[in-house]
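Keep the sequence and the 3D view side by side as you go.

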Amino acid sequence: MRAVDGPCEGARAVVVEHLQMLDPEHLNPSPGVPDASFVRIEQDKADWSRWFYESVGAPWHWVDRLAWTHDHWREWTDRPEHHLFALTDRTRELNDAQALGYAELEQQADGDVEITYLGLRPGCFGHGRGGWLLTRALEVAWALPDTRRVWVHTCDLDSPAASANYRSRGMREFARTVEWRVPDPRDDATDTVTL
Ligand SMILES: CC(C)(COP(=O)(O)OP(=O)(O)OC[C@H]1O[C@@H](n2cnc3c(N)ncnc32)[C@H](O)[C@@H]1OP(=O)(O)O)[C@@H](O)C(=O)NCCC(=O)NCCS
């Protein structure tokens, strides 16, 4: 669904939860997942970031960045404060078939690190992978220099497991906001998900 400035005909109020972790001691780690690796992506970051956004986000109405050009993706990824990781199957070699999901982190002012995107591709849910992916993302975020807070937002268009996973790992809600969205022709993949 596409974001709009405020209420209008056909718009839906989407509830956005903002969660944070203020101390690495609050992390409640998930057990590791057999045959999975958490791999930093350093080559072709823009292409990978875009591919994950499209393949992970399609069922969950992630449409805001679908129109981004390659240059826009490069502006997003090709910065030292942007960090991209893949969850892969069995081997540390990364290719489309083995990439199960991803986590994207951005270092921000005042020691904030935002988990900007995190998710699994359809068909990969529910085997402990998302819990472990988030565990590794939080560990990496806290290992970055000067991190004081890790935060994330999720909304009621995302998987129902998303908020539960953040809370299970030790993140706590600090704000709740509403944004307005209208249906978008690119929402069609929504029906294909099985949790
Ligand atoms: C959110 C997501 C990463 C969770 O991954 P997963 O592999 O399905 O979840 P796991 O099996 O690892 O379980 C992790 C936690 O998720 C929660 N969870 C899992 N399945 C759930 C379900 N069907 N309903 C509600 N909560 C669920 C539980 O709190 C679980 O906690 P636990 O580790 O204490 O048991 C995954 O569902 C996903 O990628 N969803 C689509 C993209 C998305 O919504 N991303 C979040 C954007 S902010």
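**Exercise 1. In what sense do S4 and S5 pair, and over how many bridges?**

Two conventions come before the solution. The model is predicted, so local features need pLDDT of at least 70 and side-chain atom pairs count only at pLDDT 80 or more, while totals for chains, interfaces and linings use all residues. Residues are numbered from 1 along each chain as its sequence is written.

*Step 1.* Helices (H or I, at least four residues) and strands (E, at least two) are DSSP runs, numbered from the N terminus. Two strands pair if DSSP finds at least two bridges between them.

*Step 2.* S4 and S5 pair in the antiparallel sense over seven bridges.

**Exercise 2. In what order do the eight strands form the open sheet?**

*Step 1.* The order is S1-S8-S2-S7-S6-S5-S4-S3, with mixed pairing.

*Step 2.* Look at the edges: strand S1 (2-4) and strand S3 (36-40) each have a single partner strand, so one side of each is left without a neighbour in the sheet.

*Step 3.* Neighbouring strands are turned by 35 degrees against each other on average, direction ignored (axes are lines fitted to C-alpha atoms).

*Step 4.* For a parallel pair, take S6 and strand S7 (residues 149-155), which are joined over three bridges. Aspartate 112 has arginine 149 of S7 as its bridge partner.

**Exercise 3. Which residues of H1 are buried?**

*Step 1.* A residue is buried if 20 or more other C-beta atoms lie within 10 Å of its own, exposed if 12 or fewer, and partly exposed in between; C-beta atoms are placed from the backbone.

*Step 2.* The buried residues of H1 are Lys45, Trp48, Ser49, Arg50, Phe52, Tyr53 and Val56.

*Step 3.* Their cover includes helix H2 (70-77), strand S4 (82-89), strand S5 (99-107) and S6. S5 is itself mostly covered, with seven of its nine residues buried.

**Exercise 4. Is arginine 172 buried or exposed?**

*Step 1.* Find arginine 172 in strand S8 (residues 172-182).

*Step 2.* Arginine 172 has 11 other C-beta atoms within 10 Å, so arginine 172 is exposed.

*Step 3.* Leaving aside residues up to four places away in sequence, arginine 172 touches Leu19 and Gln20 (contact means C-beta atoms within 7 Å).

**Exercise 5. Which element gives the most to the shell around the ligand?**

*Step 1.* A residue is near a molecule if its C-beta atom, placed from the backbone, lies within 6 Å of it. Of the 24 residues around the ligand, Gly119, Gly130, Gly131, Ala161 and Ala164 come nearest.

*Step 2.* Strand S6 (112-120), helix H3 (129-143) and helix H4 (160-168) each supply at least two residues of the shell. H4 gives the most, with six.

*Step 3.* Sort the shell by class: it has ten nonpolar, twelve polar and two charged residues. Here Ala, Val, Leu, Ile, Met, Phe, Trp, Tyr, Cys and Pro count as nonpolar, Asp, Glu, Lys and Arg as charged, and the others, Gly among them, as polar.

Definitions and conventions
Axes are lines fitted to C-alpha atoms, for helices over the stretch in contact, and angles run from 0 to 180 degrees between N-to-C directions. Two residues are in contact if their C-beta atoms, placed from the backbone, lie within 7 Å.
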